[in-house]
Amino acid sequence: MIVSMTLELNDIPGQLVLALSPISEFHGNIMSVIHQHDEKTPRGTIPVQIRFEIDHQVLNKLIERLEKSGVKVARVGEERLRATVSVILIGHIVHSDMGDTIDKIDSTGFAEVVDMSLSMPGIDKTSSSYLVINAVGEKELGTALDIMRDVANKKDLLMIEPIHMNSVGA
Amino acid sequence: MRTFRISIIGFGAVGQGVARSIVSKQEYLKKQGIDLQVVGISDSKGCEINEKGIDIETALLRKKQKGSVALGSIKGVDIIRNIEHDIVVEVTPTNINNGEPGLGNMRNAFGSGKHVVTSNKGPLALHFSELKEMAEDNGLFFRYEATVGGAVPIFNLIHESLAGNTVLGIEGILNGTCNYILTRMSDERMPYELVLKEAQELGFAEADPTYDVEGIDSAIKLVIIANSVFSQAATYKDVNVTGINKITPEALELANKNDYVVKLVCEALDGKLTVAPRLVPKRHPLAVGGTLNVASILTDLAGRITISGKGAGSIETASSILSDILFIVRNSKS
């Protein structure tokens, strides 16, 4: 997940390292740091805005660690459902409990089915559906896709995913 | 003038295409100081041999009129073993169960000191490393551009033009039949069964379409890519294969509404080999229609390089074979 945080540092040397090192200790990936040394808060502290990607399970531990080391965490904002993927399912989608299929993703807490279109040409014919899944980060999106693959496999649905190399780059 | 003697083993659509292109390019070759002499042609019924050079036009006419090039009953493998020549053009039909007769032909060619140029996928999908080693041990060339992508020069691009790059991944559409079916289903909103029938009537699909529509042909080509580019020692069993026969026109319409097309994509990435229908963004270079083939190669230095072109056809495939023959002519010491 992507987190943006505003920290308040005491105006003494070494404070920025004190604030950033726990993030890398928890395997967070720092995306940007805005450190405005000349803009002090009324409390005399220096505000720092940090944006980073981190496993959602360790966020609370990270905040605890920061507070313990004397860094004040003034604001935590989570950029939710940042990653997105589209898939197509073909098969007996409705009769294999569509609600359950969606629920398998929604119940993760880190991914949701945010859009779905369904096409049912006839009672005895296979249905097709287009789903958009959003997740808090790329890693979580990968896990959501794994879950969806597993569900499709168990319910004998053909799942069509996007090409992979697209996300690799170039 | 440098003279190179060639045998054409297998005289179906591809073999005849090779013969035709050698005739039509005679002037072009002469200007480059190259004289290609065909000393042996064989098909399933027999062969023609002429150590001074076969009259190709006559051979093509005889094949057309009588259904065979045969003047004698000697087999292809005997031409390879017993007639003195430089390059064996092995273009017998692909046999994916045991690779024969192509496999034996190639082994005999290397065993008797001849270079091999081929379009035959079977032996490469089954015994790639053995054949490659045999060629290297004997100081011979083993060229197989025509096995994957028809006219599209995938291996030459990777091994020659992109030399020095590390290939990170490859994805492509390597079966024209599937691409034709999916394109028609999407454009005309026709069901799979109907489009398949149409493709069969037009000659784009075989009477038994299993080999194409279940992704087997694509998987075999992916195996050859994995072996040639990633030195993977892969076989057909290593490929995770899903075909196109369950795809509905409704699914294609849903994809279309959301700016995607569905394609049967071959993918070699992170050591995994997959053939499956995939969503391809409409403006993506992989989104080619009709019977076209396409390959996208992701490299560390050059980034992504994508090439597309005709994946089948007698003269188109012959283009790749002729290019391989000329590679050998230009690079061999003899």
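In chain B, strand E2 (residues 34–43) runs antiparallel to strand E3 (residues 46–49), with four bridges between them. Strands are DSSP runs of type E with at least two residues, numbered from the N terminus; two of them pair if DSSP finds at least two bridges between them. A hairpin of two residues links E2(B) to E3(B). Within this pairing, B:Ser42 has B:Cys47 of E3(B) as its bridge partner.

The model is predicted: local features need pLDDT of at least 70, side-chain atom pairs count only at pLDDT 80 or more, and totals for chains, interfaces and linings use all residues. Residues are numbered from 1 along each chain as its sequence is written, while chains are lettered from A and ligands numbered from 1 in the order in which they are written.

Chain A holds an open sheet of four strands in the order E2-E3-E1-E4, with antiparallel pairing. Strand E2 (29–35) and strand E4 (72–79) form the edges, and each pairs on one side only. From one strand to the next, the twist averages 20 degrees. Strand E1 (residues 2–9) pairs with E4(A) over seven bridges. There, A:Ile2 stands opposite A:Glu79.

Axes are lines fitted to C-alpha atoms, for helices over the stretch in contact, and angles run from 0 to 180 degrees between N-to-C directions.
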